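Q: Hi! I'm new to this one, could you walk me through it?
A: Happy to, let's have a look together.

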Amino acid sequence: MALTNWSISEETLISISHYYAPFYLFNMTLANIVNLLIIVATIRSKKLRSMCNILIALQAAADAMVTWEVPIYVYHVYMRKFISVEQCFMVQVVPWLAMNFTTCFILVLGLDRYLCVKYATWYMTLNKVKYFSLLMLICTFYSIVASIGMYMSTSEQKVLCFLADAMAGRGKEMWGLSQALINVAVIIVYGKLKKFLECRSTRSVDDRDTRKIFKSLYLIVVFYIFGWVTSVFLLLAVRVLIADPLLEQAAGQFLGVFAATNLTIPFFVYFTQSVVYKREILRLFLSERRIAQIAPDSQTFGSSGSTARAHQNEESVVA
C-alpha cells in the first residue's frame, strides 16, 4: 500500500510530458550520433579490436537502441493518446530488450576489465570465441527472461507509453529489484578494479598512464551511479510512495532523465580520457596531420617508451 494519496489528471500528465518530450528527442539524437561514432570507429580501426573494444561497441549499440522508444512516447504525448500497458510493451519491446541487455553489459564490462588486468596471464590463454559467446549468452538470457516477466505482468491500465510505462505491478517491482542487484554488483566489481589500479599506481608515482586510466574508470563509475543507480533506486521508492498510476508515469519521466544522460556519457569519457579512442574517432573526419596536432601521443604519455606502455595499459582497461 502506497504511503501517499497524491494524484493528477490525464490532462496534467500530458502537460508535464510536453516539457520532457523535447529533452528526450534531443538526447535520442545525441545518443545515436555519439554511440554510432564508437561503433564505426571500432569497425574501421585495427587498434580497437580487443575484447574490451568489442564489448564497448556492443554496449554503444544497445545504448542507441534504448532511445528508439522516444518517437513512440513523443507520438502519444503530442497526439494525446493513451494505450494499455500491454500494447505499450509490444511496441516498446526492442528498446526494452536493449535496456535489459545494456544494464547487464555494464556489469559484464566491469568483470572483463577486472579479469584482464588482475589475471592477465590467465586472460590471455582464454578461448576468446567461447569467452565472448558466454558473455553474450549471459546478457541475452537476462534480457529475455526479464522481458518475459515484464510482459506477464502487463495490464489494461492506460499509459502514454514512456519506456517505464511498459511494465506494471509485480513485474515492475521484480525488474527494479533485479536492476538494483545488478547495480550493487557493478559498484562492487568496479570498486575492486579501482582498488587494484590504485594499488598499482602507488608503486610508481610517475606512472602517468595508469593514473590516466584510473581517472577514466572513476568518471565512468561516478556517472553510472548518478544515472542508472539513482533512477532504479528512486523508481523502487516511487512504487512505495505513489499509488496513482498517472502520477507514477510523471515520476517515471522525471527519473528517466537520470538514465537517459547515461546513454551519452561513456562516449565523452572515452573520447576525453582514452588517447586511442580520441585518435580513432577523429580519424573518421580529419587527416593524420591534423590529428597529430590535436591529439599527439606524446601529449598524454610523454616519451615513445611510455607511449607504448600506455597503449598497452589503456587497452587492458579502457580501450
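Q: Let's start with helix 1 and helix 2. What handedness does their crossing have?
A: Helix 1 passes helix 2 in a left-handed crossing. Keep in mind that this is a predicted model.

Q: Which residues touch there?
A: On the helix 1 side they are N32, N35, I38, I39 and T42. Helix 2 brings N53, I56, A57, A60, A61, D63 and A64 to the contact.

Q: And how do the residues of that contact divide by class?
A: The contact of helix 1 with helix 2 has 7 nonpolar residues, 4 polar ones and 1 charged one.

Q: Are helix 1 and helix 2 roughly parallel or antiparallel, and why?
A: Their axes cross at roughly 150° and come within 9 Å. Helix 1 and helix 2 are therefore roughly antiparallel, since an angle over 145 degrees counts that way.

Q: OK, what about helix 1 and helix 10, at what angle do they pack?
A: Helix 1, residues 10-44, and helix 10, residues 245-261, pack at about 10°, and their axes are 10 Å apart. That angle is under 35 degrees, so the two helices are roughly parallel to each other.

Q: Which way do helix 1 and helix 10 cross, left-handed or right-handed?
A: The crossing of helix 1 with helix 10 is left-handed. Helix 1 makes the contact with E10, L13, I16, S17, Y20, F23, Y24 and N27. From helix 10 come L246, Q249, A250, Q253, F254, G256, V257, A260 and T261.

Q: How many nonpolar, polar and charged residues are in that contact?
A: Between helix 1 and helix 10 there are 10 nonpolar, 6 polar and 1 charged.

Q: Changing topic: how many aromatic pairs are there?
A: The count comes to 13 aromatic pairs. One of them joins Y24 and Y73 edge-to-face, 5.9 Å centre to centre and with 90° between the planes.

Q: Which helices do Y24 and Y73 lie in?
A: Y24 lies in helix 1 and Y73 in helix 3, residues 70-78, so this pair ties together parts 49 residues apart in sequence.

Q: Back to helix 2: how does it pack with helix 7?
A: Helix 2, residues 51-66, and helix 7, residues 128-152, pack at an angle of about 30° with their axes 12 Å apart. That makes them roughly parallel. Helix 2 passes helix 7 in a right-handed crossing.

Q: Which residues make that contact?
A: M51, I54, L55 and L58 of helix 2 meet K128, Y131, F132, L135 and M136 of helix 7. By class, this contact has 8 nonpolar residues, no polar ones and 1 charged one.

Technical notes:
Residues are numbered from 1 along each chain as its sequence is written. This is a predicted model: local features need pLDDT of at least 70, side-chain atom pairs count only at pLDDT 80 or more; totals for chains, interfaces and linings use all residues. Side-chain values use heavy atoms; hydrogens and water are left out. Axes are lines fitted to C-alpha atoms, for helices over the stretch in contact, and angles run from 0 to 180 degrees between N-to-C directions. Helices (H or I, at least four residues) and strands (E, at least two) are DSSP runs, numbered from the N terminus. Angles under 35 degrees count as roughly parallel, over 145 as roughly antiparallel, 65 to 115 as roughly perpendicular and the rest as oblique. A crossing is left-handed if the near helix is turned anticlockwise from the far one by less than a right angle, and right-handed if clockwise. Contact means heavy atoms within 4.5 Å. Ala, Val, Leu, Ile, Met, Phe, Trp, Tyr, Cys and Pro count as nonpolar, Asp, Glu, Lys and Arg as charged, and the others, Gly among them, as polar. Rings of Phe, Tyr and Trp (its six-membered ring) pair if their centres lie within 6.5 Å; planes under 30 degrees apart count as stacked, over 60 as edge-to-face and the rest as tilted.
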